[in-house]
Amino acid sequence: MKRKKFKVRRLSIIRIIFSVAFLMLLGRLAYISIAKGAEYKQMAINQWKKTIEIAPKRGSILDRNGSELAVSVQVYRVDADLMVLKKYLATKKISEDQATYELAKALNMDKSKVEKILDSKDEEGKPLQFVSLKRQVEKKFADAVKELKYNGLIISQDETRIYPNGSFLAHVIGHANWEGNGINGVEQVYNEELKGTPGLKVLETDRANNELPTTDSLLVQPVNGKNLVLTIDTRIQMLAERVANETLKENNAKSVSITIMDPNSGEILAMVNTPAYDLNKPNGAGKTNEEIQEAWKNGAVSDVFEPGSIFKVITAAAGLQTNSVTSEDRFNSTGSIKVANETLKNDKMEANGILDLAGIIKHSDNVGFIQLGQKIGKEKLYEFVTNVGFGKKTGIDLPGESIGIIRALKDIGPVEFATMSYGQGVAVTQVQYLAAFNAVANGGTWIRPHVMKEIFHTEDDKKIIDRKYESLDEKNIMSKEKAAELRGYLEEVVKKGTATATYMEGYHIAGKTGTANKVNTETGKYEKGKYVSSFAGMAPVNNPKVTLIVTVKEPSPDKYYASQTAVPAAQKLFSELFTILNIEPDTVSESKSSN
């Protein structure tokens with residue numbers, strides 16, 4: 001009896017133990033399937049699925065007439081599933097050294113680089129499963145990889161950037177890196193619009209990590225980037241680049257920059273800095289990283305220079321707009337003038353005598369402009385100078401813009417104010433100066449310079465404009481009448497003053513020359529024997545359709561005046577611009593009577 005009760009009790013205990021174990025197992029299964037199910041499912045999926053990014057087609061960059069300046073072409077990328085690849089090699093008894101050699105040969109890569117990729121590890125030192133062997137692979141190399149017939153190699157669509165014209169418009173366009181991101185120029189500024197959205201290619205493997213052959217159809221299509229239309233006119237840009245290169249060589253200069261604009265819209269028609277660099281080989285622009293970065297810099301936007309006498313246009317505009325001077329006022333140019341304890345002079349101590357406003361502009365008379373500055377007054381001139389944008393960025397849609405140099409009002413003493421009146425002690429960029437000069441050309445309105453005209457995409461071969469450039473930030477800085485008066489004085493500079501080499505029979509050109517010592521940006525002092533020569537011009541005078549500025553940095557010290565360097569370049573530019581822009585000359589009789 002006791003024995004029977006013991007057996008019953010033992011069976012009960014066993015039942016309880018099995019019941020508890022079953023309930024624990026059931027609970028564990030429930031926990032795995034319900035609480036952790038999604039996580040484990042994803043882990044399983046990750047083991048047999050791999051997504052590869054498919055590069056979208058980067059939008060094209062075009063000039064205002066539709067000429068292609070930057071395009072993307074389809075190439076390939078080669079990735080590897082190392083688990084599948086190494087298992088395949090082991091099964092086929094192919095040594096990893098042989099496979100590395102074959103892959104390096106097919107991809108035109110260094111063998112040691114391929115070895116390093118195939119031995120890739122994560123941050124914890126564990127071997128990676130998926131690696132990228134090479135991006136932007138040409139078709140012939142992709143085909144060579146296919147011929148190896150190695151399992152685990154994945155060939156997908158990729159894009160590469162091509163610049164059909166090499167160094168043409170280099171500093172405006174900029175370039176994109178192998179990842180498809182813009183590095184400088186409009187490639188950088190408009191990167192978000194140009195780059196598009198990547199697609200995804202999903203690859204599947206079986207339990208043995210063998211790639212399944214039918215999974216390429218699992219595809220999320222990439223969204224291509226939008227296209228960028230620039231304000232640049234290729235014909236004018238070609239002209240500017242040719243003239244810049246000729247001017248560089250003729251004057252044995254360090255660099256030459258030219259910017260050409262439509263003063264009525266703020267559109268940049270051409271912008272060149274020479275020497276330039278090949279956009280298809282951007283890293284070949286120098287031997288060191290510093291040299292490369294310097295070569296990529298857009299001098300027209302980032303380099304500041306002392307404007308010298310071209311600044312006198314701004315002083316004259318301030319005098320007219322503030323009613324501080326009229327055509328009746330006279331200035332006594334004796335060749336020098338004493339300000340505080342310093343004697344300031346004309347360039348060659350020329351004593352030009354009694355001059356009116358037109359005269360001090362035509363002769364580029366420093367003494368006369370010091371007297372004009374005194375008539376205007378420090379506060380009024382400073383207010384006008386800052387109102388036209390000096391000492392601040394224009395906001396141009398190009399990277400690396402400098403603000404220039406203008407002393408704070410409180411730091412401008414009598415001598416600093418006197419030299420500022422004729423363009424010393426201040427520093428500007430090309431685009432900064434030309435934006436202010438444009439206001440004289442267009443009748444008094446400051447307009448932000450820009451290179452973007454519009455952004456568009458196509459749907460069913462139909463062009464859809466996404467946006468046009470509208471951030472002009474227009475503001476009036478002088479009256480139409482005063483601007484027209486000043487243009488008349490500037491025409492005399494071309495007819496009878498320091499820029500006569502720009503004069504062309506039958507055309508009305510206005511402009512101003514400027515020659516200044518180069519300032520060392522580190523020491524703030526002038527560099528002996530180094531100059532910056534400039535010319536700013538507009539045409540036709542009564543209703544300017546085009547403005548331009550030529551800056552020649554460090555020309556040969558035996559021929560450095562703007563009249564010898566920048567003015568001849570401007571004459572070449574105007575002589576062809578009139579034809580390109582369909583600007584007709586006056587009749588012969590009208591031309592003679594204007595003189």
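In this predicted model, the side chains of E187 and R58 meet in a salt bridge, with 2.9 Å from N to O. The pair ties together distant parts of the chain, since E187 sits in helix α8 (residues 185-189) while R58 belongs to the loop between β1 (49-54) and β2, 129 residues apart. Both partners lie below the 20% cut-off under which a residue counts as buried: E187 is buried because its relative accessible area is 0%, and R58 is buried as well, with a relative accessible area of 5%.

K297 forms a salt bridge with D303, where the closest N and O atoms are 3.4 Å apart, and K297 counts as partly exposed, at 34% relative accessibility. Salt bridges also link R242, E246, E250, K572 and E576 in a network.

The loop that carries R58 leads on to β2, and from there the reader can turn to the strands. Strand β2 (residues 61-62) runs antiparallel to β3 and is joined to it by 2 bridges, with I61 standing opposite A70. The two strands form a hairpin with 5 residues between them, and in its turn G66 has a positive phi of about 95°.

With strand β5 (residues 153-162) it pairs in the antiparallel sense over 10 bridges, and D79 has I154 of β5 as its bridge partner. With strand β4 (residues 130-137), also antiparallel to β3, there are 5 bridges, and A80 is partnered there by V131. Of the 14 residues of β3 (residues 68-81), 10 are buried, so this strand is largely enclosed by the rest of the structure.

A further buried position is found at I260, in strand β9 (residues 255-262), where the relative accessible area is 0%. Leaving aside residues up to four places away in sequence, I260 touches I236, A240, E267, I268, L269, A270, V546, T547, L548, L573 and L577.

Technical notes. Residues are numbered from 1 along each chain as its sequence is written. This is a predicted model: local features need pLDDT of at least 70, side-chain atom pairs count only at pLDDT 80 or more; totals for chains, interfaces and linings use all residues. Side-chain values use heavy atoms; hydrogens and water are left out. Buried means under 20% relative accessible area, exposed over 50%, partly exposed in between (1.4 Å probe, protein chains only). Helices (H or I, at least four residues) and strands (E, at least two) are DSSP runs, numbered from the N terminus. Two strands pair if DSSP finds at least two bridges between them. Contact means heavy atoms within 4.5 Å. A salt bridge is a side-chain nitrogen of Lys or Arg within 4 Å of a carboxyl oxygen of Asp or Glu.
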